[in-house]
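Biologist: Hi, could you walk me through this structure? I'd like to start with the overall picture and then go into details.

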Amino acid sequence: RSEGPFSPCRWTSRRSHAKIAETAPKVLQKLVDKRLDLGSNAPILEALLDLRVTPNENLEVSNLKLFGQEIQDSFPKTQVQTHFRSQVNLDEDKVEVDSVSASTLGYAFISSDDTKITQAQVGGFSLSKLKPYEGWNALYSEFNDLWRLYKQIANPASVTRVAVRFINKIPLPLDTKIELSDYLLFHPSTPDHLGEISQFFTRTV
């Protein structure tokens, strides 16, 4: 299992709210256009498009329920996303929990077959597509439609981050020696005397 490439792009809009929905998806589309679309053969377990925002100061998290109501036919399942915070004091003789607080970040809306999840939060919006992978064009088109709806309801002050993420799983034979170059366009190389690579981690920004 490998995670990547993960392509964050910090970007802040100083334009009017009416321009946000037009500009942010275009930045995201530039990231998508540069990627190879492998169609149904892609080893992608999850494809994610994500926007982080500066929330409108008048937004109440309960307003995001309206988003779920509008997309209920396609995303009938709802999960509340809650953030828990606690402070623990460690003493030599005892452990004390000083305070515990909980706040609702937003909601996750899930398709009936559990292959698509869209998250509407005070701090951002995202769409995830699990297997089977259907290509970025289809995913981006749906993301763009959902983002416009989120923008109408949440009216964010600005977009602060645009991100694309893949989680890939490539089955490899274990009973024979393999060359990573047969499976990956980008891979690490090591001198022969170091032996075979058992695992590696790569992050490209």
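Modeller: Happy to, and we can go from confidence to fold, surface and salt bridges.
Modeller: This is a predicted model, so local features need pLDDT of at least 70 and side-chain atom pairs count only at pLDDT 80 or more, while totals for chains, interfaces and linings use all residues. Residues are numbered from 1 along each chain as its sequence is written, and side-chain values use heavy atoms, with hydrogens and water left out.

Biologist: What is the mean pLDDT of the protein chain?
Modeller: The mean is 79, and 77% of the residues reach 70 or more; pLDDT is the predictor's confidence in each residue, from 0 to 100.

Biologist: And where is confidence lowest?
Modeller: Strand β1 (residues 2-10) is lowest, at a mean of 39, whereas strand β5 (residues 116-121) is highest, at 97. Over residues 1-18 the pLDDT is below 50, and this stretch has 54 contacts in the model beyond near neighbours in sequence. Contact means heavy atoms within 4.5 Å.

Biologist: OK, the fold. How many helices and strands are there?
Modeller: The protein chain has 3 helices and 7 strands, in the order β-α-β-α-β-β-β-β-α-β along the sequence. These are DSSP runs numbered from the N terminus: H or I of at least four residues for helices, E of at least two for strands. Of the contacts between residues at least 6 apart in sequence, 73% join residues at least 24 apart.

Biologist: Which residues of α3 are buried?
Modeller: Among them are Trp-136, Phe-143, Trp-147 and Tyr-150. Buried means under 20% relative accessible area, exposed over 50%, and partly exposed in between, with a 1.4 Å probe and protein chains only. Just after α3, Asn-155 takes a positive phi of about 45°.

Biologist: Switching to the surface: which residues make a nonpolar patch?
Modeller: Val-88, Leu-90, Val-95, Val-97 and Val-100 make one of about 520 Å². Patch residues have over 30% relative accessible area and no salt bridge, and nonpolar side chains (Val, Leu, Ile, Met, Phe, Trp, Tyr) are joined within 5 Å, like charges within 9 Å. Strand β4 gives the most, with 3 residues.

Biologist: Is Val-97 buried or exposed?
Modeller: Val-97 is exposed, at a relative accessible area of 55%.

Biologist: Now the salt bridges. How many does the count come to?
Modeller: The count is 5, taking a side-chain nitrogen of Lys or Arg within 4 Å of a carboxyl oxygen of Asp or Glu.

Biologist: What does Glu-46 pair with?
Modeller: Glu-46 forms a salt bridge with Arg-165, the closest N and O atoms being 3.7 Å apart. Glu-46 lies in strand β2 and Arg-165 in strand β7, so the pair ties together parts that are 119 residues apart in sequence.

Biologist: And which residue does Asp-50 bridge to?
Modeller: Asp-50 bridges to Arg-161, with the closest N and O atoms 3.1 Å apart. That pair also links β2 and β7. Asp-50 counts as buried at 6% relative accessibility, whereas Arg-161 is partly exposed at 24%.

Biologist: What about Asp-114, where does that residue lie?
Modeller: Asp-114 forms a salt bridge with Lys-77, at 2.8 Å between the closest N and O atoms. Asp-114 lies in the loop between β4 and β5, and Lys-77 in strand β3.

Methods: Areas by Shrake-Rupley, 256 points an atom, 1.4 Å probe, with all protein chains shown as cover.
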